[in-house]
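Thanks for coming, everyone. Please have a look at the model on the screen, and then I'll walk you through a few parts of it.

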Amino acid sequence: MFLTVAGNQKEYENGITVAKLVELENVETPQYVTVSVNDDFVENGTLETTVLHDGDTVEFLYFMGGGNARSILY
Amino acid sequence: MAFSNEQLERYSRHIILKEIGAKGQKKLLNGKVLIIGAGGLGAPAAMYLAAAGVGTIGIADADNVDLSNLQRQVIHTTSDVGKPKVESACETMQAINPDIEVKTYQTFVTSENILDLIDGYDFVLDGTDNFPAKFLINDACVIAKKSFSHAGIIRFQGQLMTYVPDSGACYRCVFKQPPPPDAVPTCRQAGVVGAMAGVIGCLQAMEAVKFFINAGNLLTGSLLTYNALTMDFRKIKLPKPDGKCPVCGEHPTILQPFDYEQAVCDLKEK
Ligand SMILES: [Zn+2]
């Protein structure tokens, strides 16, 4: 089956889960990435049970800090 | 309010644009932006917004200029090392454009003061580097119904999104809660190319300008990502809010801003 992952169309094994895709794509800090499939968020804790289908569009959304240091301190 | 001759000349390249014109320039001159963080992202944003004639710019940062800041925080110079960042930023902004008012807040932004800080501003620009701060700014802006620009940078990558009340996802819709301290790399641990702060900070300034002149499309409901190594810009469509977000949803449980604990290592390192 073909998936569009982060804008690139690629062939994957039929019926893989989002968790498997995260592993195949070597996603950095996978436990803190937000995944969307066809413009819906994949709920936390359902990556293992969310099965992907031919034609699905998947995006990985990463935490990114940056800017300056210490403008906020507790 | 009529333009002075000096203003007509200073803003001539804006006024000539059909999307801005005299009307748009007046909107900019009447505009009020609060920049939280006078660092990598805040520096270029503050300089361009000052130059653009955004009439009132607030800048909040508790820190002093450090030598390691100068690789990317172009609003400060070598002779500013040791000076409060907001003071150094204010001097540069007023040197670029004495036509605007700069308000400085040399303070840590917390749940105690954030609502007072953002009150009276039209647009907030998040130039902070840490996740507790980013969630605090998001929650406060959602609660106070303020539009704001979120951004993050690391290594050769950057991203930004814009929140406008009732038009698309907020930062918490996407990212839920801050990752545990040290779970994802920070700039200090992982590094960042100075020009990345320039690229993304300028894009935040561009969003603020478009917000005031009401031209084109803001980055609401989408996240723009930039990879400098591959030179790919991607505008990722974000899912529509499903109403379940604890701050911007239909039955919010976050009704007041609150503070997450800051990473302990961050405190020790500096
Ligand atoms: Zn939300």
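The crossing of α4(B) and α10(B) is right-handed; that is, the near helix is turned clockwise from the far one, by less than a right angle. Helices here are DSSP runs of H or I with at least four residues, strands are runs of E with at least two, and both are numbered from the N terminus.

Some ground rules. This is a predicted model, where local features need pLDDT of at least 70, side-chain atom pairs count only at pLDDT 80 or more, and totals for chains, interfaces and linings use all residues. Residues are numbered from 1 along each chain as its sequence is written, chains are lettered from A and ligands numbered from 1 in the order in which they are written, and side-chain values use heavy atoms, with hydrogens and water left out.

Back to the helices. Two packed helices are described by the angle between their axes and the distance between the axes. In chain B, α4 covers residues 42-52 and α10 covers residues 194-213. Their axes, lines fitted to C-alpha atoms over the stretch in contact, come within 7 Å and cross at roughly 40°. The angle runs from 0 to 180 degrees between N-to-C directions. α4(B) and α10(B) are therefore oblique: not under 35 degrees (roughly parallel), over 145 (roughly antiparallel) or 65 to 115 (roughly perpendicular).

Which residues of α4(B) meet α10(B)? They are B:P44, B:A45, B:Y48 and B:L49. Their partners in α10(B) include B:G198, B:G201 and B:A205. Contact means heavy atoms within 4.5 Å.

α4(B) is mostly covered, with 8 of its 11 residues buried. Buried means under 20% relative accessible area, with a 1.4 Å probe and protein chains only. Among the buried ones are B:P44, B:A45 and B:L49. Just after α4(B), B:G53 has a positive phi of about 85°.

Now the zinc ion. B:C170, B:C173, B:C245 and B:C248 coordinate the zinc ion through SG, at 2.3 Å. Donors are N, O and S atoms within 2.8 Å of the metal (3.2 Å for Na, K and Ca). The site is tetrahedral, with angles of 94 to 117° among its 4 donor atoms; the cut-off asks for all angles between 85 and 135 degrees. The spacing in sequence is C-x2-C-x71-C-x2-C. B:C170 sits in the loop between β6 and α8, and B:C245 in the loop between β8 and α11, so the pair ties together parts 75 residues apart in sequence. B:C170 and B:C245 are buried.

Last, chain A. It has 1 helix and 5 strands, in the order β-β-α-β-β-β from the N terminus. Of its 74 residues, 45% count as buried.

Methods
Tetrahedral: all angles 85-135°; square planar, octahedral: opposite > 155°, others 65-115°. Buried < 20%, exposed > 50% of the residue type's maximum accessible area, 1.4 Å probe, protein only.
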